[in-house]
Amino acid sequence: MQVRQALSGKNVIFRLEMSQDRIQFSELVTRIVMAGGNIVGMDIASSSSTHVVRDVTVNVEDTGSVEAIVETINGTKGVRLVHVSDRTFLLHLGGKLRTEPKNPVQNRDDLSRVYTPDVARVCMAIHEEPDKVHALTIKRNTVAVISDGSAVLGLGNIGPKAAMPVMEGKSVLFKQFADVDSFPICLDTQDTEEMIQTIKHIAPVFGGINLEDISSPRCFDIERRLREELDIPVFHDDQHGTAVVMYAGLINALKLTGKSIDKIKVVVAGVGAAGIACTKLLLYAGVKNIIGVDRTGVLSKQREFGDNEMKRWFADNTNPYGITGTVRDVLREADVFIGLSSGGTLKREDIQLMNPDPIIFAMANPTPEITPEEIEDIAAVVATGRSDYPNQINNVLCFPGIFRGALDCQASVINEEMKLASAQAIASIISEEELSSHYIIPTVFNQKVVKAVSEAVIRAAIETNVARKIPKE
């Protein structure tokens with residue numbers, strides 16, 4: 001039995017086969033409690049004259065408690081541990097998605113219209129006017145969520161099969177929040193050219209492409225090429241979703257502190273895909289002084305970057321005063337810290353070097369660069385990527401509404417103007433009366449977000465001439 005599959009958390013389910021004549025259930029309950037578990041539910045899965053199979057739900061503190069309970073069960077005569085699971089694993093059984101017809105086929109007439117022979121008329125209509133594919137097929141409302149499994153969450157390069165649960169989850173969120181149909185596609189290749197060609201080959205089915213969890217710097221080339229070679233929106237959410245939501249929070253943080261976007265000094269720690277996208281959006285929004293820091297130190301024009309074109313771009317377009325050194329060196333008299341690096345890299349003393357009322361976005365997951373409680377008395381605003389702290393920077397605020405708007409106006413791209421409009425729409429959800437240091441960004445369950453973002457995206461698409469359709473009011 002591999003206990004590592006039973007995630008630490010609140011409730012874990014143990015399926016037990018128990019001999020009817022060798023052990024009393026009350027005896028097992030006592031042993032489980034002594035091992036650190038609290039039984040909160042029990043269901044009989046099957047029963048015979050000799051054995052009973054029970055699903056016992058146990059509230060546990062951590063993985064250590066699970067391991068202790070498993071050891072206790074395995075050491076109890078008359079009990080066989082069938083398997084261990086939790087609510088998360090149960091939710092994933094058989095996947096999290098399914099497809100259903102919009103109109104059921106109930107008779108021959110339905111069949112002839114859905115399939116043969118009448119479907120041929122629809123095929124020919126699209127053949128004669130290819131743009132009708134948006135109106136007459138699932139392309140109208142469908143996005144491909146595509147990954148190669150090379151940079152999944154904080155797990156690294158775990159491959160396409162292991163990436164599937166994340167991509168399925170993304171598709172669930174598309175449907176739940178914005179009624180966008182989507183499908184998870186995990187490609188069994190990490191060759192840049194193969195990925196580009198594969199996505200191009202399947203693109204006719206979809207109205208948009210959401211790239212996900214693709215390692216840097218390959219993600220830049222893949223997205224750039226697809227944007228150039230496809231006529232549908234291509235959006236790498238790890239880059240641009242993070243940037244949009246970060247900037248939405250910053251809009252309100254600046255409003256709260258009275259700082260002007262063209263006068264602030266911003267330090268970006270972590271110059272990967274998200275760090276570069278955040279920097280590009282901040283520059284587009286009007287920030288003049290951005291300094292980036294990676295594991296080697298401050299990015300400047302004096303540094304060598306080998307064949308890393310994106311870091312060279314970063315150095316050429318930021319750090320206007322040519323500062324060198326470490327993150328501590330550049331935090332002096334900074335106004336904003338944007339963290340996309342690793343947990344625990346900052347100390348309270350580093351934040352004290354910043355200008356009064358510093359804005360700290362410590363977005364490393366699962367551990368922020370510095371925790372809010374360490375600096376809550378000296379920082380004006382603290383945001384993280386975590387749901388157990390105020391001001392969570394969560395991409396779910398962004399991508400459903402962006403694609404809802406892009407699909408509704410049949411946009412050919414998602415450009416910088418549309419991203420900026422998305423951020424401003426998210427920020428606008430919070431009124432002047434609601435705005436506070438602990439509430440600069442709405443929660444992902446705020447029902448106003450998707451509508452506001454999609455409408456802003458449509459307006460920006462129309463204004464920048466990338467919309468092929470103007471939706472009816």
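**Figure 1. Contacts and overall extent of the predicted chain.** Of the contacts (heavy atoms within 4.5 Å) with a separation of 6 or more, 67% are between residues 24 or more positions apart. This is a predicted model, in which local features need pLDDT of at least 70 and side-chain atom pairs count only at pLDDT 80 or more, while totals for chains, interfaces and linings use all residues. Residues are numbered from 1 along each chain as its sequence is written, and side-chain values use heavy atoms, with hydrogens and water left out. The chain has 18 helices and 13 strands; these are DSSP runs numbered from the N terminus, helices being H or I with at least four residues and strands E with at least two. Along the principal axes, the C-alpha atoms fill a box of roughly 80 × 70 × 50 Å. Of the 473 residues, 50% are buried, where buried means under 20% relative accessible area, exposed over 50%, and partly exposed in between (1.4 Å probe, protein chains only).

**Figure 2. The largest nonpolar core and Phe361.** A nonpolar core is a set of buried Ala, Val, Leu, Ile, Met, Phe, Trp, Tyr and Cys residues joined through side-chain atoms within 4.5 Å. The largest one has 75 residues, and Tyr247, Val266, Phe361 and Ile426 have the most contacts inside it. Helix H10 (residues 237-257) supplies the largest share of this core, 10 residues. Beyond its neighbours within four places in sequence, Phe361 touches residues including Met246, Leu250, Phe337, Val381 and Ile440. A second, separate core of 27 residues includes Ile199, Cys219, Ile222 and Ile232.

Figure 3. Strand E5 (residues 142-147) is joined to E6 by six bridges, and Val143 stands opposite Ser182 in E6.

**Figure 4. Cysteines without disulfides.** The whole structure holds zero disulfides, a disulfide being a pair of cysteine sulfur atoms within 2.5 Å. For Cys186, the nearest cysteine sulfur is that of Cys219, 16 Å away. For Cys219, the nearest is that of Cys278, at 13 Å. Cys219 is buried, with a relative accessible area of 1%.

**Figure 5. Backbone exceptions in loops.** Most residues other than glycine have a negative phi, and most peptide bonds are trans. The peptide bond from Thr116 to Pro117 is cis, with omega near 5°; Pro117 lies in the loop between H4 (108-114) and H5 (119-128). Asn365 and Pro366 are also joined by a cis peptide bond, with omega about 0°, and Pro366 lies in the loop between E12 (359-362) and H15 (372-375). Asp357 has a positive phi near 55° and is partly exposed, at 42% relative accessible area. Asn391 has a positive phi near 60° but is buried, at 6%.

Conventions. Two strands pair if DSSP finds at least two bridges between them.
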